[in-house]
Amino acid sequence: MGMAKEHFVLVHGEGHGAWCWFKLRWLLEGSGYRVTCIDLAGGGVDPTDPNTVGSFKQYDKPLIDLISTLPEGEKVILVGHGAGGMSVIHAMHEFVDRISQAFFVAATMLPFGFQTDEDKNDGLPTLPENEIELTLGEAAGDPPTTVALRPEFQRERLSQQSPEEESVLASMLMRPWPATAISTASFEGDDERLNRVKRIFIKTERDHMLDPEQQDSMIKKWPPSEVLVIDTDHSPFLSAPEQLFNLIVKSL
């Protein structure tokens, strides 16, 4: 284990917010680590209406602003969940020398974002129409501005192994996410530069949101430094926080 002075920045996935990390934050801080949990635009308690988030750059601005204001020479460890993996990749492109490690917890791990339909097949959840609610754009033919999981499907998709009362709490805090802004995330650069950052992928074996097969495909196409496996649902920060904590700190 590294010295307990590292600074973790925890980045939520679609529909979530900083709140989802409360157990992992408690465990990390209890071991002496510094922890920052952020709300991306329209997530958690961020006041932005997610329907007004029109680009990934706007969506990810809270994370980019945070890293840009770090003291000179300070590095952070990024932990992304779900679509938060795209935020981690974005930060790696912008601040490769300010990131010491990047953890992808059942997270989208595509070096240049969604460049092709194959990328979208690998990195975006496939959700049946009856399980989601769409907010459509103003003009006919516009893509939906936000997507939300219907409450009755949230536990089965996200947290079927978590304590039921925590699934209830999560359903009270979940928000629609800016689907078009997330699904159009794309970046320019070279993967050799990105590979200067140690990447660890934590695969969730019982994931009903980002299928294990999708996770395997991304791992195969851009192999990380290490692949760890956790036998949980999509939300191990709720269903197995101590196991998630142990996997992370042992990989420092």
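These legends walk through several close-up views of a predicted model. Local features in this predicted model need pLDDT of at least 70, and side-chain atom pairs count only at pLDDT 80 or more, while totals for chains, interfaces and linings use all residues. Residues are numbered from 1 along each chain as its sequence is written, and side-chain values use heavy atoms, with hydrogens and water left out.

**View 1. The largest pocket has a volume of about 380 Å³.** A pocket here is an open set of points on a 1 Å grid over the protein atoms alone, with protein on both sides within 12 Å along at least five of seven lines; lining residues have an atom within 4 Å of a point. Grid points are joined across faces, edges and corners, and a volume is the space filled by probe spheres set on the points. Look for Leu-124, Pro-125, Val-147, Ala-179 and Ser-183, which lie nearest the centre among the 15 lining residues. Helix 7 (179-183) and strand 5 (132-135) each supply at least two residues of the lining, and the largest share, four residues, comes from helix 7. Helices (H or I, at least four residues) and strands (E, at least two) are DSSP runs, numbered from the N terminus. The lining has ten nonpolar, three polar and two charged residues. In this count, Ala, Val, Leu, Ile, Met, Phe, Trp, Tyr, Cys and Pro are nonpolar, Asp, Glu, Lys and Arg are charged, and the others, Gly among them, are polar.

**View 2. The largest cavity holds about 80 Å³ of space.** A cavity is a set of grid points where a 1.4 Å probe fits but cannot get out. Helix 5 (151-158), helix 6 (164-173) and helix 10 (236-239) are the elements that give two or more residues to the lining of this cavity. Its lining includes His-16, Arg-155, Met-174 and Phe-237. By class, five of the lining residues are nonpolar, six polar and one charged. A search of the whole structure finds four cavities of 30 Å³ or more.

**View 3. The second largest cavity has about 50 Å³ of space.** Of its 13 lining residues, Gly-15, Gly-42, Gly-43, Pro-176 and Trp-177 lie nearest the centre. The lining divides into five nonpolar, six polar and two charged residues.

**View 4. Phe-8 and Tyr-33 form an edge-to-face aromatic pair.** Their ring centres are 5.4 Å apart, with 85° between the planes. Rings of Phe, Tyr and Trp (its six-membered ring) pair if their centres lie within 6.5 Å; planes under 30 degrees apart count as stacked, over 60 as edge-to-face and the rest as tilted. Phe-8 lies in strand 1 (residues 7-11) and Tyr-33 in the loop between helix 1 (22-30) and strand 2 (34-38), so the pair ties together parts that are 25 residues apart in sequence. Phe-8 is buried at 0% relative accessibility, and Tyr-33 is buried at 4%. Buried means under 20% relative accessible area, exposed over 50%, and partly exposed in between (1.4 Å probe, protein chains only).

**View 5. Phe-56, Tyr-59 and Phe-187 form one aromatic cluster.**

**View 6. Strand 3 (residues 76-81) and strand 4 run parallel, joined by six bridges.** Two strands pair if DSSP finds at least two bridges between them. Leu-78 stands opposite Ala-102 in strand 4. Six of the seven residues of strand 4 (residues 99-105) are buried, so this strand is largely enclosed by the rest of the structure.
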